[in-house]
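Good morning, and thank you for making time for this presentation. I shall take the two chains in turn and then turn to the contact between them.

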Amino acid sequence: MTFYESEIKRIRGIIHSNQGQIDTIIGMRNYIDNNYDSHLNLEVLSHIQFVSKYHLLRLFKRYYGLTPRQYLINKRIEKSKEHLRNRTTVTETCFAVGFESLGSFSTLFKSKTGKSPIEFQKEQLSRSK
Amino acid sequence: MKVTIISIPVRDQEKALQFYTEKLGFIKKLDKPLEGGNRWLTLVSKEAQEGPEILLEPAPNHFEPSKVYQDALMEAGIPYTQFDVDNVQSEYERLTQLGVKFSVKPTKMGTVKFVVFNDTCGNNIQLVETL
């Protein structure tokens, strides 16, 4: 066994010993991945997993390194790029990925990608010509 | 500032180019001749061609500490570089069929699954799937 393998084994024993907890949190991520376009919040997620919402928030952050809300936003932004590349309008894209306000979509998109949705779309379409 | 380059030290640039493109599926982006037969050789991922580039650099052949460090990582089984994949198991099977040697078979750890293989150019490379 290499040094790397023995370290992996040792660390896994310490920080990843609770498989039930890991399964819960993986289930939550899968749920977000499959339902990012609907109205999601911690109430809904904790109800599905039968776990208190603050506990769920802490667990998610511990295992994935970001909060469920941040994860959901990243997922929606990533999906919105696909829509924009396929010539979907900014307004349609915004609602298709689950955002409820055009203003917050545009602001988030710009803060995550450095460009507004319309700038991103123009750039992508001119590139594919 | 932008992140554009991820350096991977290799013993043989041509051999590395073949392994990384033919087996791993990366695409060559830049190939500029430098002095002494060395090249500025970069690759991009097929799915993200505008994304960061891998620089296959011949450092171990020209700077002894680089070689020593690379050998020590290899000996310890430590991957210094990792790539994301959608499915670790299917990549493991695909690459095994192509003759790639794995030091860590598909292993779950918390919310990730990973493997480690030998890139034949002096490095252990890890593939990771987020579960």
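Of the 129 residues in chain A, 16% are buried. Please keep in mind throughout that this is a predicted model. The predictor assigns the complex an ipTM of 0.85 and a pTM of 0.86.

Chain A contains eight helices and zero strands. Read from the N terminus, the order of its elements is therefore α-α-α-α-α-α-α-α. The radius of gyration of chain A is 19 Å, whereas the globule rule gives 14 Å for 129 residues; the value is well over the rule, so chain A is more spread out than a compact globule. Along the principal axes, the C-alpha atoms of chain A occupy a box of roughly 50 × 40 × 20 Å. As for the contacts within chain A between residues at least 6 apart in sequence, 49% of them join residues at least 24 apart.

Ile8(A) is located in helix 1 of chain A. Between the C-alpha atoms of Ile8(A) and Lys61(A), which are 53 residues apart along the chain, the separation is 21 Å.

Most residues other than glycine have a negative phi. Arg87(A) is not a glycine, yet its phi is positive, at about 65°.

I now turn to chain B. Its average pLDDT is 96, and 100% of its residues score at least 70. Among the elements of chain B, the lowest mean pLDDT, 94, belongs to helix 2 (residues 59–62), and the highest, 98, to helix 4 (residues 88–97).

Nonpolar side chains in soluble globular proteins tend to be buried together. The largest nonpolar core here has twelve residues, among them Ile8(B), Val10(B), Phe19(B), Leu43(B), Ile54(B) and Cys121(B). At least two residues of this core come from each of helix 1 (13–23), strand 3 (39–44) and strand 4 (53–57) of chain B. Which element supplies the largest share of this core? It is helix 1 of chain B, with three residues.

Ile8(B), one of the residues of that core, is in contact with Ile54(B), Leu55(B), Leu56(B), Thr81(B) and Asn123(B), once its neighbours within four places in sequence are set aside. A second, separate core has eight residues, including Val88(B), Tyr92(B), Ile125(B) and Leu127(B).

Helix 4 of chain B can be described by its two sides. Its buried residues are Val88(B), Glu91(B) and Tyr92(B). Viewed down the helix axis, these buried residues fall within an arc of 105°, so they line one face of helix 4 of chain B. What do they pack against? Their partners are strand 6 (102–109), strand 7 (112–118) and strand 8 (124–130) of chain B. On the other side of helix 4, Ser90(B), Glu93(B) and Gln97(B) are exposed. Just after this helix, Gly99(B) adopts a positive phi of about 90°.

Chain B also has a residue other than glycine with a positive phi: Thr120(B), at about 65°. Thr120(B) is found in the loop between strand 7 and strand 8 of chain B. With 17 other C-beta atoms within 10 Å, Thr120(B) is partly exposed.

**Where the chains meet**

Thank you for your attention.

Notes:
Residues are numbered from 1 along each chain as its sequence is written. Chains are lettered from A and ligands numbered from 1 in the order in which they are written. This is a predicted model: local features need pLDDT of at least 70, side-chain atom pairs count only at pLDDT 80 or more; totals for chains, interfaces and linings use all residues. pLDDT is the predictor's confidence in each residue, from 0 to 100. Helices (H or I, at least four residues) and strands (E, at least two) are DSSP runs, numbered from the N terminus. A nonpolar core is a set of buried Ala, Val, Leu, Ile, Met, Phe, Trp, Tyr and Cys residues joined through C-beta atoms within 7 Å. A residue is buried if 20 or more other C-beta atoms lie within 10 Å of its own, exposed if 12 or fewer, and partly exposed in between; C-beta atoms are placed from the backbone. Two residues are in contact if their C-beta atoms, placed from the backbone, lie within 7 Å. The radius of gyration is taken over C-alpha atoms; the globule rule is 2.2 Å times the number of residues to the power 0.38. The arc is that of the directions from the helix axis to the C-beta atoms.
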